[in-house]
Amino acid sequence: QVQLVESGGGLVQAGGSLRLSCKTSGNIFSIVAMGWYRQTPGKQRELVAVITRGGSTNHADSVKGRFTISRDDAKNTVYLQMDSLIPEDTAVYYCHARSDYGLIFNDYWGQGTQVTVSS
């Protein structure tokens, strides 16, 4: 099992910055990738950014150049630095982890943290 606890959401004006954190615990050695997703009412959850065990990263086109995913292995924490925020970034942001148990993959989710960008 893997536990994820997010923090860092809040209200910010357009053009501002926020940093989300996702603290992991449990069977962290099984994790092969972690990412951030976001969801607004009535829409599907969408991938924002992902970082693999090897350190490769990928960001959605809508956030490239503005958001950066990173991790601190010593703190078992993944971050999402969000700069130049726009109102369209308003959503609940979820931390995600995928674990590999041989041929079985498990997906874990955090509780979500609200990000609101005012115009």
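From the N terminus on, the chain runs β-β-β-β-β-β-β-β-β-β-β. It holds zero helices and 11 strands; helices (H or I, at least four residues) and strands (E, at least two) are DSSP runs, numbered from the N terminus. This is a predicted model, in which local features need pLDDT of at least 70 and side-chain atom pairs count only at pLDDT 80 or more, while totals for chains, interfaces and linings use all residues. Residues are numbered from 1 along each chain as its sequence is written, and side-chain values use heavy atoms, with hydrogens and water left out.

**Overall dimensions and surface**

The radius of gyration of the chain is 14 Å, which agrees with the value near 14 Å for a compact globule of 119 residues. That radius is taken over C-alpha atoms, and the globule rule is 2.2 Å times the number of residues to the power 0.38. The C-alpha trace spans about 45 × 30 × 25 Å along its principal axes.

Among contacts (heavy atoms within 4.5 Å) with a separation of 6 or more, 53% are between residues 24 or more positions apart.

The chain carries 11 positive and 10 negative side chains, and the centres of the two sets lie 2 Å apart. Lys and Arg count as positive and Asp and Glu as negative, with His and the chain ends not counted. Each charge is placed at NZ of Lys, CZ of Arg, CG of Asp or CD of Glu.

| Residue | Strand | Relative accessible area |
|---|---|---|
| S99 | β9 (residues 91-101) | 0% |
| S21 | β3 (residues 18-26) | 15% |

Leaving aside residues up to four places away in sequence, S99 touches V2, S30, I31, V32, I104, F105, N106 and Y108. With S30 there is also a side-chain polar contact of 2.9 Å (a pair of N or O atoms within 3.5 Å; within protein, one must be able to donate a hydrogen and the other to accept it, and residues adjacent in sequence count only if both atoms are side-chain atoms). F29 lies 70 residues from S99 in sequence, with 8.3 Å between their C-alpha atoms.

Definitions and conventions: Buried means under 20% relative accessible area, exposed over 50%, partly exposed in between (1.4 Å probe, protein chains only).
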